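Reader: I would like a close look at one part of this model, followed by an account of what surrounds that part. Please keep to what can be read from the coordinates.

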Amino acid sequence: MKVAIASGKGGTGKTTLATNLAMYMAGTEPVVLADLDVEEPNSGLFLKGELYHREPKYKMIPGWQEETCSLNGDCQTVCNFNAILKMGNHVMVFPELCHGCYACSELCPTASLPMQAKQMGELKHIKTDNLDFVESRLMISEEQAVPLIHQTIDYVDEKFPAAMVKIFDSPPGTSCPVIEATRGADLVILVTEPTPFGLHDLKLAVETVRQLGKEFVVVLNRHGIGDDQVERYCEAENILLAARIPNSRHIAETCAAGKLLYQDIPEVAAAMDAIARLIRSRNGGGHS
Amino acid sequence: MKEIVVISGKGGTGKTSLTASFAVLGGQNLVVADCDVDAADMHLLLEPDFAHGEDFFSGELAVIDQAKCSACGQCEDVCRFDAIDMIEGCYSVDEIGCEGCGYCARVCPDEAITNVKQNVGQWYRSAIRTGTTMIHAQLKVGADNSGKLVAKVKKMATEVAGNEGKYWILVDGSPGVGCPVISSLSGASLAVLVTEPTVSGLHDLRRVHQLVKMFRIKSGCVINKADLNSDVRRDLHRFLKEEGIPVLAEIPYNEQFTAAVTNGKTIVEWDADLEQLVRGCWEKVTQLADDR
């Protein structure tokens, strides 16, 4: 059972929800939390545990072998991403533009562009009592988050049984990284806040998950501030508002310090309980 | 012409509220570019008229002509993105998975695959209520190539600034450190880093600053919600001092940020205290951007 926590707008509380929900649920059953916001992974700041495993993550890019190259220029022609440039009797590879499709490498008649591993990030696996936490972080200046997100999900798929609850803290937005993080999910939780920005970006996020054909619910964070437009929208669109987390300076201060909320704040514990029940009911309901 | 790019690493730090306020304070002497193309929000505050809009095409998608396909499966074999599958006896392309590399089309012996340019969104040139021009865009949901659309928005903003003789280009960047942010930063005179004294805010600031440093772009920092946590605030100041990043403003935690947005206003039009703080900040921003 994979649960992706996403939002259109950044800073609405995805990580707050993901970490609190994961630790709350880990009180009664084993849970996996994976931070797929590889550009800015924050979940680990709220969790303590022991490092169980770490591994560098690589992407494959072509490396030019001058000795065998016939300089026919096919590589430049086949690359749709302008990642290869033939200049005079030199071939240049631009790794940051390469998507790793292998076309130049495998179509080269002299095999002069063998694929080579280039590190793009690192994966860490941390264990606490009942929680397995997996985090990947993209190296600075790497542009593409998607391949690292993909490999992180593969790691989770390989290490843990399908029925186990796995919570994915997803990147913000509606473009390719969030698609990669949510496309395999059984349930998507969209976190928003009751402001015009929150509503606008929620609508985009809803459009995205509907296109993916995913079951989804909304969690309203900072409830009490702003206006009631998000609640009206959810009602009009028949979207389940699974929980409300109240707006309070105390909550903001607790998060600022890197602490979890549910142990001290009953409203948050109640919200986590409601969401946990929802997840368990779906998990028993025929999903893998 | 100088370009000021506002970024934050972490979302929800008040980046867009601040940028829209700068737009109000800068008035007619700037062009606004909303480069947060996959969750663009600035139009909610600046009321663009969407006077001119164009589709934006970037990247390709493989399309299989079933009439020509002999189902040999070579396309599936070469696809590194698992985007081609046999479904009900026909090879078909998973539109989300396809990266548009074109490898499948090159190996297809039946010439059954074509690459179709993708419409990934729209960009607009608008008049806004501050008496100037804004270039903004909307990426289609789930689309690739946000970095390319960001580059387009910036290119158009630069053109407009040149034609209309504007001195400033004010860019609202996107969260994170990946392709849209890298694209937002290219050619910037100054990066304004908006952060907050929270463990996440500090963590993300460090990462986004690494990126800014790598591109040798001058930066200054705005600390929003500055009184949320004094310990983290101290760490934040230490980091900024070590890196030689000037503090452009410290803004206390203030729920008027939300009240202003809810009323469709920027914070400088809504709250006198915030107006004073942000006006001082904008002066420092322009000075720093102009410094040699």
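At what angle do helix H6 and helix H7 of chain A pack, and how far apart are their axes?

Author: This is a predicted model, with an ipTM of 0.94 and a pTM of 0.95. In chain A, helix H6 covers residues 196-212 and helix H7 covers residues 229-236; they pack at an angle of about 25°, and their axes are 9 Å apart. An angle under 35 degrees counts as roughly parallel, so H6(A) and H7(A) are roughly parallel to each other. On the H6(A) side the contact is made by A:Gly198, A:Leu199 and A:Leu202, and on the H7(A) side by A:Gln229, A:Val230 and A:Tyr233. Sorted by class, four of these residues are nonpolar, two are polar and none is charged.

H6 of chain A also takes part in the contact between the chains. There, 51 residues of chain A are in contact with 50 residues of chain B. Four helices of chain A each supply at least two residues to the side that touches chain B: H3 (103-107), H5 (176-182), H6 and H8 (249-256). H6(A) gives the largest share of that side, eight residues. The side of chain A that touches chain B is made up of 21 nonpolar, 20 polar and ten charged residues.

H1(A) and helix H9 of chain A, residues 266-283, pack at an angle of about 75° with their axes 10 Å apart. Angles of 65 to 115 degrees count as roughly perpendicular, and H1(A) and H9(A) are therefore roughly perpendicular to each other. H1(A) contributes A:Asn20, A:Leu21, A:Tyr24 and A:Met25 to this contact, while H9(A) contributes A:Val268, A:Met272, A:Ile275 and A:Ala276. Seven residues of the contact between H1(A) and H9(A) are nonpolar, one is polar and none is charged.

Next comes the sheet of chain A. This open sheet has nine strands in the order E3-E6-E7-E2-E8-E1-E9-E10-E11, and its pairing is mixed. Strand E3 (50-62) and strand E11 (241-246) of chain A are the edge strands, each pairing on one side only. From one strand to the next, the twist averages 20°. H1 of chain A, residues 14-26, packs on this sheet and touches strands E1 (2-6), E2, E7, E8 (165-169), E9 (187-192) and E10 (216-223); the direction of H1(A) makes about 165° with that of E8(A). Within the sheet, strand E2 (residues 31-35) and strand E7 (residues 131-138) of chain A run parallel and are joined by five bridges. A:Leu33 has A:Phe133 of E7(A) as its bridge partner.

As for domains, chain A is divided into domain 1 (2-58 + 121-283) and domain 2 (64-113). The centres of these two domains of chain A, taken over C-alpha atoms, are separated by 40 Å.

Chain B is divided into domain 1 (2-47 + 128-290) and domain 2 (58-119), and the C-alpha centres of the two lie 41 Å apart. Chain B has an open sheet of nine strands with mixed pairing, in the order E3-E6-E7-E2-E8-E1-E9-E10-E11. At its edges stand strand E3 (52-64) and strand E11 (247-251) of chain B, each with a single partner strand, so one side of each has no neighbour in the sheet. The twist in this sheet averages 15° from one strand to the next.

Strands E2 (residues 30-34) and E7 (residues 133-139) of chain B pair in the parallel sense over two bridges. B:Val32 has its bridge partner in E7(B), namely B:Met134. Helix H11 of chain B, residues 272-290, lies across strands E1 (2-7), E9 (190-195), E10 (219-224) and E11 of chain B, and runs at about 165° to E11(B).

A hairpin is found in chain B as well. Strand E4 (residues 84-87) and strand E5 (residues 90-93) of chain B pair in the antiparallel sense over four bridges. The bridge partner of B:Asp85 in E5(B) is B:Ser92. Two residues lie between E4(B) and E5(B) in this hairpin, and B:Glu88 in the turn has a positive phi of about 50°.

Note on methods
Residues numbered from 1 in each chain as written. Chains lettered and ligands numbered in written order. Predicted model: local features only at pLDDT ≥ 70, side-chain atom pairs only at ≥ 80, totals over all residues. Axes fitted to C-alpha atoms, helices over the stretch in contact; angles between N-to-C directions. Parallel < 35°, antiparallel > 145°, perpendicular 65-115°, else oblique. Contact = placed C-beta atoms within 7 Å. Nonpolar A, V, L, I, M, F, W, Y, C, P; charged D, E, K, R; others polar. Domains from an automatic or database assignment. Pairing = 2+ DSSP bridges.
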